[in-house]
Amino acid sequence: MEVILLKALYALLMIGAVMGLAAYSVLGERKISAWIQGRIGPNRTSFPLIAKIPLIGPALRYLGIWQPLADGLKFLFKEDPIPGHVKGIYYMMAPVLVLVPALSTMVVVPFGEYFDSAGKAYPLILADIDLGLWFIFSLASLGVYGIVLAGWAANSKYPFIGGIRSCAQLISYELVMGLSVLPIIVWVNAPGVSAGLSLVSIVNTQGGAWFIMTQPLSALLFLIALFAETNRLPFDMPESETELVGGFHTEYGSFKFGFFFLAEYAHMVIGSAIFSLLFLGGWHFLPWIASPWPASIFGTICSVLWFLGKIVFLMFFFIWIRWTLPRFRYDQVMQLAWGKLLPIALINLVFYTILVAFIS
Amino acid sequence: MATKVLERKPLTWAEKTYLPQIVHGLKITWKAMFKKPITLQYPEEKPELPMGYRGIPTLVKDPNGREKCVSCQLCEFICPPKAIRITPGEIPADASTAHVEKAPKAFEINMLRCIYCGLCQEVCPEEAIFLQNAFSLSGYSRQELVFQKDKLYELGGTLPDTHHKWDKKKAAAAHPHHH
């Protein structure tokens, strides 16, 4: 009973954290883009009572802390027009189909560690299943159905092109993504060790060197594929607002559009979490340095915060890249995936497989 | 003219991966992040307007606070979009400015028609109409945007002018000087 309550509490916390991160990454995106472009960014929203507090109120207003709240309310209260030419039920279904896989992947993502009375560490995770990584990949790839369905159900040309593009792009890059992670699985499951595909065991292997040091090429490939999978620039083919109006969500408005928006950023949060679990040592402090926090509740909070810090850094990196690189042309995206990344990923896999066999 | 032929070197292996270029780009955007914003917080901060800026046309008073316009209607006639309409009126004979003879009874500028060309300012022999610095203009009705005389004077205020043309005329009339 106690376990169930704990899990329920943890699930609520997790949803809060991921949704909060997603909402505030929208603010982060707007603020960072503003700074890079020599602007100030959102600095007008304020909250009735808190705005009156001297110093803190204006500071929060200047940082745009209340902007996500205002944005969310705007999405909620806007009129929700449904164009006459859409395919009804599928049109309604698509945003849900995009958001659900994006959020359900967090079930197998560990967010830190907690300690029992004996000082033994357990991962903070909702479901530590053996096939953690597999589960994430299979669920995340379901997200593309939502996008394709949105493009098709909108029944107009630009969303349709967006849907087709996202279909082709996501399938190509999923291949690269899967192949770039395989060397890690091979490494973790070296002969004589059976750790499975659990993300927890992958993190536990990184007590010493992080995988970004031992397998930099895998990390690079995974990062590129992650950018493509989350539809972030320079791979935002499905959206490409300058050529496809808004891509697959052109015909959506109000809260349905909000769903797509939220899903994109939830994807980013989960993607950053997975990258830091796979390559940045999860909640481990620094390579080869044992975590300085004590084996207590305080230590748990420290490990979670450290992990969240890594996620936030990666989110910042996502946004930073977005305002640095221009969008690829569609054929370049495909050429990059099939012509360059896929062979490199294969060679990488073979190299590390031989290396692991040689070492052990 | 001598032309200089630049040697176009083939890309190195590192350059072909694009990664050094991406890192360089990231450096540039990183630096840009810490530069001072170049934007203005508009309603609170106003841009610095250059000399000779042509804002809303306004009527101005002379340093004595008297109406300068003598309703000669030159501005009305030159106005390309026909935005100005003047109804001339006489100055009562017992007024201190009676020697000016005429003043506008009504002076309307239709700001929905005005094109801010400044021809009225240029043509005015009395220097009574000026395009000043106010530029943000809005209203709830068309009627509201047809500026009347009192509104135009309120916008214009008094501009310094050292001619004192009508004072001199009055003095000349009081002390006729014969050659």
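Predicted model: local features only at pLDDT ≥ 70, side-chain atom pairs only at ≥ 80, totals over all residues.
Three strands of chain B make an open sheet in the order S2-S3-S5, and the pairing is antiparallel. S2 and S5 of chain B sit at the edges with a single partner strand each, so one side of each is left without a neighbour in the sheet.

Now for the individual pairings. Strand S2 of chain B, residues 84-90, is joined to S3(B) by seven bridges, and B:Pro88 stands opposite B:Pro104 in S3(B). On the pairing of S3(B) with S5(B), there are two bridges, again in the antiparallel sense. Here B:Ile109 stands opposite B:Phe147 in S5(B), while B:Asn110 has B:Val146 of S5(B) as its bridge partner.

Something also packs on this sheet: H5(B) touches S3 and S5 of chain B, and its direction makes about 85° with that of S3(B). Which residues of helix H5 (149-156) of chain B are buried? They are B:Leu152, B:Tyr153 and B:Gly156. Looking down the axis of H5(B), you'd find these buried residues within an arc of 95°, so they line one face of the helix. The face turned away from the buried side of H5(B) carries the exposed residues B:Asp150 and B:Glu154. As for what the buried residues of H5(B) pack against, the list is strand S1 (57-59), strand S3 (102-110) and strand S5 (146-147) of chain B.

B:Lys68 lies in the loop between S1 and helix H3 (74-78) of chain B. Is this lysine, B:Lys68, buried or exposed? Its relative accessibility is 7%, so B:Lys68 counts as buried, the cut-off being under 20%.

Most residues other than glycine have a negative phi. B:Ser71 is buried, with a relative accessible area of 0%.

Chain A has a positive phi to look at as well. A:Leu55 is not a glycine either, and its phi is near 70°. You'll find A:Leu55 in the loop between helix H1 (2-36) and helix H2 (56-63) of chain A. Because its relative accessibility is 75%, A:Leu55 counts as exposed.

Last stop: the helix pair. The axes of helix H10 (residues 216-229) and helix H13 (residues 297-322) of chain A come within 12 Å and cross at roughly 70°. That makes H10(A) roughly perpendicular to H13(A). In this contact A:Leu223, A:Leu226 and A:Phe227 of H10(A) meet A:Phe317, A:Phe318 and A:Ile321 of H13(A). Sorted by class, the contact of H10(A) with H13(A) has six nonpolar residues, no polar ones and no charged ones.

Technical notes:
Residues numbered from 1 in each chain as written. Chains lettered and ligands numbered in written order. Heavy atoms only, no water. Buried < 20%, exposed > 50% of the residue type's maximum accessible area, 1.4 Å probe, protein only. Helix = DSSP H or I, 4+ residues; strand = E, 2+ residues; numbered from the N terminus. Arc of directions from axis to C-beta. Contact = heavy atoms within 4.5 Å. Pairing = 2+ DSSP bridges. Axes fitted to C-alpha atoms, helices over the stretch in contact; angles between N-to-C directions. Parallel < 35°, antiparallel > 145°, perpendicular 65-115°, else oblique. Nonpolar A, V, L, I, M, F, W, Y, C, P; charged D, E, K, R; others polar.
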